[in-house]
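Take a walk through this structure with the sequence at hand.

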Amino acid sequence: MKVFVTGVNGYIGAVLAPYLAERGMSVVGLDAGYYRDGWLFSDNRRMPVQPFTINKDLRDITVADLEGCDAVAHLAELSNDPLGQNNPQVTYQINHKGSVALAEAARQAQIRRFVYTSSCSVYGAGTREFLDETAGLNPQTTYAECKVLVERDVGRMAGGDFCPVFLRNATAYGPSPRMRFDIVINDLSAMAYTTKRIAMTSDGSPWRPVVHVDDICEAIYRSLIAPASAVGGRIFNVGQNSENYRVRELAQMVAAEFPGCELSVGASGADNRSYRVNFDRIHRELPGFACRYTARDGARQLRDLFERIQMSPDTYQFRAFTRLRQLKYLQATKQIDADFRWH
Ligand SMILES: NC(=O)c1ccc[n+]([C@@H]2O[C@H](COP(=O)([O-])OP(=O)(O)OC[C@H]3O[C@@H](n4cnc5c(N)ncnc54)[C@H](O)[C@@H]3O)[C@@H](O)[C@H]2O)c1
């Protein structure tokens with residue numbers, strides 16, 4: 001199977017490409033390359049060859065780009081809430097319009113399988129229930145709203161000749177060469193390693209489901225190979241029930257994995273995004289899928305990695321590992337314009 005992976009130079013994409021290659025698939029990538037300045041570590045045994053990658057904006061995709069591919073795994077978007085809030089208009093253009101146009105191009109290219117990386121952030125705020133895929137949606141940000149719109153619009157295309165699958169991922173963690181330190185466990189772990197201190201400004205009370213980046217890759221892989229009857233037009237939360245934590249608990253867990261790390265918790269609760277998620281469906285109905293990792297495993301892997309590469313505070317703070325900081329830098333230095341197009 002030849003898989004067209006958009007966002008292949010991103011945090012998940014850089015793990016997904018070797019993951020699929022190791023399972024006998026070939027990968028064609030597409031990426032605008034916003035974060036290519038950042039490469040945290042090399043594991044050449046895992047990726048003997050970088051996938052052929054089209055250096056192009058999702059908004060310019062044509063049917064010809066997709067020729068010869070059998071499936072699409074679509075990851076290329078502005079990938080978190082602060083990015084979306086920074087420029088809502090561009091976020092709609094890329095995340096909503098760009099994703100729907102990609103699905104239309106895929107359909108025209110007679111590609112049937114289309115796996116979309118949605119997010120548990122569509123559930124939004126303010127409930128104590130464990131939300132499953134039938135729960136009402138309450139997106140709090142442009143980023144989350146776009147996920148809802150793509151699910152709706154691409155969901156309408158599902159039929160005999162087109163089989164989209166929607167993966168609502170929990171917040172990811174774990175090592176990737178294209179590291180992100182703007183997601184909670186990676187951030188806490190890097191803070192613990194480089195400063196020996198986790199100082200939380202908030203009280204850490206919001207709930208956050210988390211999932212290992214390799215388990216997201218497994219969900220994408222299983223969605224690519226599953227029979228259309230099992231996955232066509234379907235939504236799956238990606239994670240496991242035991243991996244819903246309060247942010248405070250994650251901080252405690254990370255601090256425990258980094259010897260000598262002090263932890264202090266703040267008073268306020270500024271962040272109103274809080275949700276607990278039920279992950280029964282994916283384990284029951286996506287053939288072959290199971291999560292392999294816990295948050296504690298992830299923190300331990302990150303500690304081993306940081307020790308191996310002797311990660312410095314400067315590396316932790318490097319702009320390309322924090323998505324918003326890198327985009328602001330590219331704009332301030334006039335490398336990309338107000339629409340996030342390269343000059
Ligand atoms: N990481 C998480 O915790 C998480 C959780 C849920 C969902 N997701 C979703 O998974 C996908 C991948 O996330 P990630 O963490 O790897 O993000 P990332 O920001 O590391 O990677 C996204 C990649 O897409 C590329 N990209 C962005 N806009 C583009 C455009 N207009 N044209 C071409 N390429 C473009 C970027 O250059 C980047 O390499 C995203 O859709 C994200 O919303 C991620």
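Leaving aside its neighbours within four places in sequence, which residues is Asn278 in contact with? The model is a predicted one. In it, Asn278 touches Phe130, Leu131, Asp132 and Glu133, and also Asn237 and Asn241. Asn278 sits in the loop that links β14 (276-277) to α9 (280-285). Its relative accessible area is 16%. The cut-off for buried is under 20%, so Asn278 counts as buried.

Now to strand β7, residues 163-169. Seven of its seven residues are buried. In a regular strand, side chains alternate between the two faces of the sheet. Both faces of β7 are covered. On one side lie Cys163, Val165, Leu167 and Asn169, all buried. On the other lie Pro164, Phe166 and Arg168, and these are buried too.

Which strands pair with β7? One is β5 (residues 113-119), which runs parallel to β7 and is joined to it by seven bridges. Another is β11 (residues 234-238), also parallel to β7, with five bridges. Asn169 takes part in both pairings: it is the bridge partner of Ser119, and it stands opposite Val238 in β11.

Next comes an open sheet of three strands. Their order is β8-β10-β12, and the pairing is mixed. Which strands stand at the edges? They are β8 (171-173) and β12 (244-246). Each has a single partner strand, so one side of each is left without a neighbour in the sheet. Neighbouring strands here are turned by 50 degrees against each other on average, with direction ignored.

Look at the β8 and β10 pair. Strand β10 covers residues 207-212, and its pairing with β8 is parallel, over three bridges. Thr171 has Val210 in β10 as its bridge partner. Two helices join the picture. Helix α6 (residues 213-225) lies across β8 and β10 and runs at about 70 degrees to β10. Helix α10 (residues 295-309) packs on the sheet and touches β8, β10 and β12. The direction of α10 makes about 60 degrees with that of β10.

Turn to the cysteines. How many disulfides does the structure hold? It holds zero. A disulfide is a covalent bond between the sulfur atoms of two cysteines. The cut-off is a sulfur pair within 2.5 Å. For Cys146, the closest cysteine sulfur is that of Cys120, 17 Å away, so the two are too far apart for a bond. Cys146 is buried, at 0% relative accessibility.

The last stop is the ligand. Which of the 30 residues around the ligand come nearest? They are Asp31, Leu58, Ser79, Tyr143 and Ala172. Tyr143 also places a polar side-chain atom 2.6 Å from an oxygen atom of the ligand. Arg323 has a polar side-chain atom 2.8 Å from a ligand oxygen. Tyr11 uses its backbone instead: an N or O atom there lies 2.8 Å from an oxygen atom of the ligand.

Conventions. Residues numbered from 1 in each chain as written. Predicted model: local features only at pLDDT ≥ 70, side-chain atom pairs only at ≥ 80, totals over all residues. Heavy atoms only, no water. Buried < 20%, exposed > 50% of the residue type's maximum accessible area, 1.4 Å probe, protein only. Pairing = 2+ DSSP bridges. Helix = DSSP H or I, 4+ residues; strand = E, 2+ residues; numbered from the N terminus. Axes fitted to C-alpha atoms, helices over the stretch in contact; angles between N-to-C directions. Contact = heavy atoms within 4.5 Å. Near = heavy atom within 4 Å. Polar contact = N/O pair within 3.5 Å; in protein donor to acceptor, adjacent residues only side chain to side chain.
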